[in-house]
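Please examine the sequence and the structure shown below.

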Amino acid sequence: MKYKWKPVTAVILSSFILFSSPMNVFASGNTISTIEDEMVHNTEGGEETAAGQETETGEREAEQENPGDSGEAGSDIFWPSGPSVVAESGIVMEVSTGTVLYSKNMHAQYYPASITKIMTALLAMENCGLDEMVTVPHEAVYMDDKGSHIALDEGEELTVEDCLYGMMLASANDAAYALAVHVGGTIENFADMMNKRAKELGCQDSNFVNPHGLPDERHVSSAYDMALITREALKHEIFRTVSKTVYYEIQPTDKQPDLIPMSNHHKMLCSGKYHYDGVFAGKTGYTVVAKNTLVTCAARDDMELICVTMKTEGRQVYVDTASLFDFCFDNFKKVDIGTSEAAEIQVPVKAADGTEKVETVPVQMAEDGFVIIPSRVNFSELKPQLLLAAEEERGETGTLEYTYGTHQVGQASINLPDFLKVKEEPAETETETESQPAKAEKDGKAGFHWWYIPLGILAAAVIVTGAVMLVRRQIWKYRWRKRRRSGRTRDYSGGRRPRR
């Protein structure tokens, strides 16, 4: 019986060798490929991280060594110094560019008082129609410390527009409360909306907890933040209209038979001692802890300015504001970038990932752009930089930003040249997909395809079948020879050979 195991063993060994060899080849190839891919990936990632760290470190060191480039051409030594003001904090910001012309503790946190209502007005304008009806809730009428109000009654209805006039002219806390509940559902929800919108605008120092500015130690803002909020509010024509109105009347209704007359509290808008030519908008604020706060907007020679002062005593807010306006209008000018810049410039191009290189770029204005610079400074002294959005967000335009020393003085949107645009990758077509394997094979870089598996199995089956047939033939020969030697081979005549 020993000879019976030999063919079986041969078949098993043959099958194992035939099947394991191709699979080992495939497995080895895949493993090597995977390891190589991982090595390349890890190496590139390591180099990229290291490069990024070196760049960041280099930038930090450069900033420490050259704080503001003081004393060099085009530095802050030519930036006019402003007047002395009594206010503990203040800022003057130009509307079209956001350029800060003057600042004093502009990021210090103070209680804003009723200038808070500018943010309340902004959210109302962004989320409501002017003719929407606002129902006055119980809490708006019966607040513990109502402060300034226009004597609204519980359940009374008035339009969003009337609420805006009540807030901005009479600084009505009941109107602000009612409008906040109308927009946000609750005061808490509305406060969340205020803080979210403030962050979207770039505010850094604010935390709002109510819509009117009544005292709360958690309710704070800064001159810088209030200037940003006012700049955004000025984009709405209704805000400009309401803010410059000196006198307004809320007409009687079925639920409120009395006429509600209101006068603007901002004295620089009205005729009198503190009137200032060019003032077109603003908001007053006062509480015992906040002292006087004031936001004022004025225009002269096509330049619009926002002045914010915080924590001032009494009418000094108007004196400080007038001094700051005089200083800025006398010492700064607004320059049109489109008519001042060359047709083509060499400019550092900074991508969203922080990479930067100098390119020659044609200046084709996508929209009007301006810079605000000291009157004695020439446009040629400014340093431009082209800012690009991330590739997934980049469109046809980029932002040409100008600085003077450490001051950002304006920007313009320009059309990007073709070499800076993000080229869209063509969609893969069926023809391209079909021709890809042929091209890969031609280059000798064909990858592993799914149809290799059944082809390999078929080839292995053919080989195994042939091997089995070969083994069986060898077994048959072996048996035949053995029988012949042992004398047990059959005679062709049908008989057996006689034993010897």
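The side chains of Asp330 and Arg300 meet in a salt bridge, with 4.0 Å from N to O; a salt bridge is defined as a side-chain nitrogen of Lys or Arg within 4 Å of a carboxyl oxygen of Asp or Glu. This pair links distant parts of the chain, 30 residues apart: Asp330 belongs to helix H9 (residues 316-331) and Arg300 to strand E8 (residues 291-300). Helices (H or I, at least four residues) and strands (E, at least two) are DSSP runs, numbered from the N terminus. Asp330 counts as exposed because its relative accessibility is 52%, whereas Arg300, at 30%, counts as partly exposed. The cut-offs for these words are under 20% relative accessible area for buried, over 50% for exposed, and in between for partly exposed (1.4 Å probe, protein chains only).

The model is predicted: local features need pLDDT of at least 70, side-chain atom pairs count only at pLDDT 80 or more, and totals for chains, interfaces and linings use all residues. Residues are numbered from 1 along each chain as its sequence is written, and side-chain values use heavy atoms, with hydrogens and water left out.

A search of the whole structure finds eleven salt bridges. One of them joins the side chains of Arg197 and Glu200 at 3.2 Å, N to O. Both residues lie in helix H6 (residues 187-200), three residues apart, which is about one turn of the helix. Arg197 is buried, with a relative accessible area of 15%, while Glu200 is exposed, at 51%. Another salt bridge, at 3.5 Å from N to O, is formed by the side chains of Asp418 and Lys421. Asp418 is exposed at 59% relative accessibility, and Lys421 is partly exposed at 25%. Through shared partners, salt bridges also join Glu126, Arg197, Glu200, Glu232 and Lys235 into one network.

Tyr111 is located in the loop between strand E2 (100-104) and helix H2 (117-127). Because its relative accessibility is 31%, Tyr111 counts as partly exposed. Together with Tyr286, Val288 and Val289, Tyr111 makes a nonpolar surface patch of about 390 Å². Such patches are made of residues with over 30% relative accessible area and no salt bridge; like charges are joined within 9 Å, and nonpolar side chains (Val, Leu, Ile, Met, Phe, Trp, Tyr) within 5 Å. Accessible areas come from the Shrake-Rupley method with a 1.4 Å probe; for residues, only the protein chains shown count as cover. Tyr111 and Val289 are also among the residues that line the largest cavity.

Definitions and conventions: 1 Å grid on protein atoms, 1.4 Å probe; cavity = no way out; pocket = protein on both sides within 12 Å on 5 of 7 lines; lining within 4 Å.
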